[in-house]
Amino acid sequence: MHNPSALVTGASRGIGREIALSLARYGFDILINYSGNKAAAMSAASECVQAASLSGRTIRTVAIQADIGDSASRNRLMMEARRWSPALHLLVNNAGIAPAERADILEGSEASFDRVLAVNLKAPYFLSQLAAKWMLEGTPADSTPPPDRRADARWQPKIINISSVSAYAASINRGEYCVSKAGLSMVTALFSQRLAAHGINVFEIRPGVITTDMTEAVKEKYDTLIAEGLTPIPRWGSPSDVARAVIAIAEGAFPFSTGEVLNVDGGFHLRKL
Ligand code: NAP
């Protein structure tokens, strides 16, 4: 095994795609998970190889379709990942969905609640469980990294959850999204506690308002809010703002931290008087 390997859920588009590209540049083999957009996933995979090559690295990529909100698909994803890679060094629980329709919490449906929680909360919980068990098996003897790589933080297993400012900021017209992200924060706390003694550190990145397909429908609303002072840093965030935080974790910038939350939100979380 020449490179450490990373599984990024929802890596065909948006934040996940940028995370995958950055990890590829940094020399990870990349497992790209996606839900339905095969063309985007395949182009992300080839861009990863090109990005790595421009950084002087040779990596492998694979795109694996799986609706992570579905238990059988999730298990198949991990089985296919295991067939493709002898070990897993980084899981980025990135894939997430907004409610199909925003609805006041007095009206929102159970179906939407169940779907959003299945993808945004249940999936990262059980993917973390499956990934942690795989990570605990270690890197097989026949593919153990050479001694000079042991000090390289990329080979030390980690889990990163991409949550949201919605973990604490209440939006009454998409309650299920907020509940899912608040729950994901507890997933970070639980798995960081459980895995710390095994050398697996777990992190949460909380993005603010980021330019992706997810926020396209509310672009004008947020343009106005940002112009009116929503965030101390007065601009939209970009997927690369989030990817940079992932790389900082992957390169071992926080070796004595686990369960830590990194706000990537232009200062949205700061209170003022
Ligand atoms: P996006 O542009 O809508 O992209 C979503 C990605 O997730 C796509 O790759 C999509 O795959 C994949 N996906 C969706 N449902 C899936 C499922 N059931 N199984 C597997 N993959 C699935 O979203 P984004 O804005 O990049 O968001 C990424 C993460 O950041 C999410 O967890 C989101 O909640 C969080 N976040 C976003 C913002 C923001 O402002 N954008 C802010 C805070 C947090 P396909 O291409 O196949 O559809």
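1. Let me start with the sheet: seven strands form an open sheet in the order S3-S2-S1-S4-S5-S6-S7, with parallel pairing. Strands here are DSSP runs of E of at least two residues, and helices are runs of H or I of at least four, both numbered from the N terminus; two strands pair if DSSP finds at least two bridges between them. S3 and S7 (260–264) are at the edges with a single partner strand each, so one side of each has no neighbour in the sheet. From one strand to the next, the twist averages 15°, with axes fitted to C-alpha atoms (for helices, over the stretch in contact) and angles from 0 to 180 degrees between N-to-C directions.

2. A word on the basis: this is a predicted model, where local features need pLDDT of at least 70, side-chain atom pairs count only at pLDDT 80 or more, and totals for chains, interfaces and linings use all residues. Residues are numbered from 1 along each chain as its sequence is written, and side-chain values use heavy atoms, without hydrogens and water.

3. Now to S2 (residues 29–34), where six of six residues are buried, that is, under 20% relative accessible area with a 1.4 Å probe, protein chains only. Asp29, Leu31 and Asn33 point one way, while Ile30, Ile32 and Tyr34 point the other.

4. S2 runs parallel to S1 (residues 5–8), joined by four bridges; Val8 has Ile32 as its bridge partner. Five bridges join S2 to S3 (residues 61–65), also parallel, and Tyr34 is partnered by Gln65.

Key: Buried < 20%, exposed > 50% of the residue type's maximum accessible area, 1.4 Å probe, protein only.
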